[in-house]
Amino acid sequence: MKFEESEILELKKTTSELKEAVISIASILNKHQTGEIYFGVKNDGTIVGQTVSDKTLRDISKAVSDNIEPKIYPEIQNISLRGKNCILVKFSGNEIPYFAYGRAYIRVGTSNRHLSAKEIENVILEKSSGLLRWDNKPCSDASISDISVQKLKLFLKTCGLSYKDKENSLDKLGLIKNGKLLNAAFILFGKKPEKIFPNAKLRCAVFGRTDTAFIIDRQEFTGDLFHLIEKAEAYIMEHIHIGMKLDGLYRVDVPEIDRNAFREAIINAFCHRDYYEYDSVNIAIFKDRVEIRSPGGLFGGLTIEQITKEMISKRRNELIAEMFHRVHFVEKWGRGIRLILSKEPETVFSEVANIFFTTFKRKGLDALSAKDKHIIADDLKGDLKDLKKDLKTRYSLTDNQLKILNAVIKNKNVTQQRLSELIGITSRNIRNNMEKLKKKGLLKRIGPVRGGYWQVVMGSKKDNNK
């Protein structure tokens, strides 16, 4: 047997290094909760042996008992290694953090590093988080009958599992404990989760400026987390600029903010939010940005720098994260931040008043790309050019209707009176043509008559499948 020091194994030449050994025990416990120490083996693995008596074993036991808090009770053995007397100390414990001689240490490789006060606090938080996690607590107000069979069957089908009955399926997913539904089960698969959890809610709003003074639209949604994620994604898609790119014979929607990026941010918001907080996940769409706000700051003492530069992730809701992972919503390696930044490098992450913000810059004209032939409908300048023939053929548009679309593309806030002046037809004709464009699905009004704006909605891939 070759001996080599590691994060869970310490080698000591003799018990003259007993104090250092006690520190190593506390250090290893704080990192791995179990480990071993050999006396009579040099740190290079050479077995040298040492004198062992009953007093030697008692001295080790007393040193551990007197100088490590909380108390541990190691197994201490007199053993023979290659014919030489040595001592093996086996220890374990879950009451972290452990202190040796009044100080806390942690194992890093084969060294013992002193823990700062902040690191000790994080160890305590991490330890208690498993006991205090919202998602794995029993949901005393709900029963199996409150679970939707349809939602559960769809989930199981998506992750390649079979359905037998509700109780069996939930147990298989680890969503029942001692016969009781867990919170995660009800907020994911409950018929009406909002009846028990009022924070099973999504709030969305569109603001007419870069502040919250002028509200154009406001909506609230309730339901299970999968439903809320889809509603959040759809709301953003509805209220940001949508361009297009050519995909063979089809025109495919191209949002000004990458869809995969903001969907990942939405999933993260629901996955990692603090469900002990009454607040909801909020989507705020401003003229220059989109904010996704999640109650509860970063978990486990993480910092913005750690999640963006070191790509470190800690999960506040392990059960919810595991369910999301099963249907490929999240990666176990916590690569969500990396994905967001790869798609939208200017994304800003921040914390304000224990709320986590993901902020995406709205690009408008900046999203124009010759390579993909993007067309950002609200910001494109000039004539419709290559779209003219296509639009005329597909939608039977008149020249005046094309001119109206072109004018709205240049200025989404254009008035009917201004359109009349630009195109040279009466206001009544403008109204009639705009109604026809709305019926064709090419033009829609966002927000109220006063304070709203026009949006050109070009044909997308799905239009050709009708």
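Q: Hi! Before we count anything, what counts as a helix or a strand here?
A: Helices (H or I, at least four residues) and strands (E, at least two) are DSSP runs, numbered from the N terminus. With that, the protein has 15 helices and 20 strands.

Q: Great. What should I know about the model and the numbering?
A: This is a predicted model, where local features need pLDDT of at least 70 and side-chain atom pairs count only at pLDDT 80 or more, while totals for chains, interfaces and linings use all residues. Residues are numbered from 1 along each chain as its sequence is written, and side-chain values use heavy atoms, with hydrogens and water left out.

Q: How much of the protein counts as buried?
A: Of its 466 residues, 46% do. Buried means under 20% relative accessible area, exposed over 50%, and partly exposed in between (1.4 Å probe, protein chains only).

Q: On to the backbone. Which peptide bonds are cis?
A: One joins Glu69 and Pro70, with omega about -10 degrees. Another runs from Ile96 to Pro97, with omega near 0 degrees. For background, most peptide bonds are trans.

Q: And where do those two prolines, Pro70 and Pro97, lie?
A: Pro70 is in the loop between strand 3 (68–69) and strand 4 (75–81). Pro97 is in the loop between strand 5 (84–92) and strand 6 (99–100).

Q: Which residues other than glycine have a positive phi?
A: Gln33 has phi near 65 degrees, and Ala353 has phi of about 50 degrees. Most residues other than glycine have a negative phi.

Q: Switching topic: at what angle do helix 8 and helix 10 pack?
A: Helix 8 (residues 259–272) and helix 10 (residues 318–326) pack at about 145 degrees, with their axes 8 Å apart. Axes are lines fitted to C-alpha atoms, for helices over the stretch in contact, and angles run from 0 to 180 degrees between N-to-C directions.

Q: Nice. Which residues meet there?
A: Ile267, Phe270 and Cys271 in helix 8 meet Ile320, Ala321 and Phe324 in helix 10, where contact means heavy atoms within 4.5 Å. The residues of that contact divide into 6 nonpolar, no polar and no charged. Here Ala, Val, Leu, Ile, Met, Phe, Trp, Tyr, Cys and Pro count as nonpolar, Asp, Glu, Lys and Arg as charged, and the others, Gly among them, as polar.
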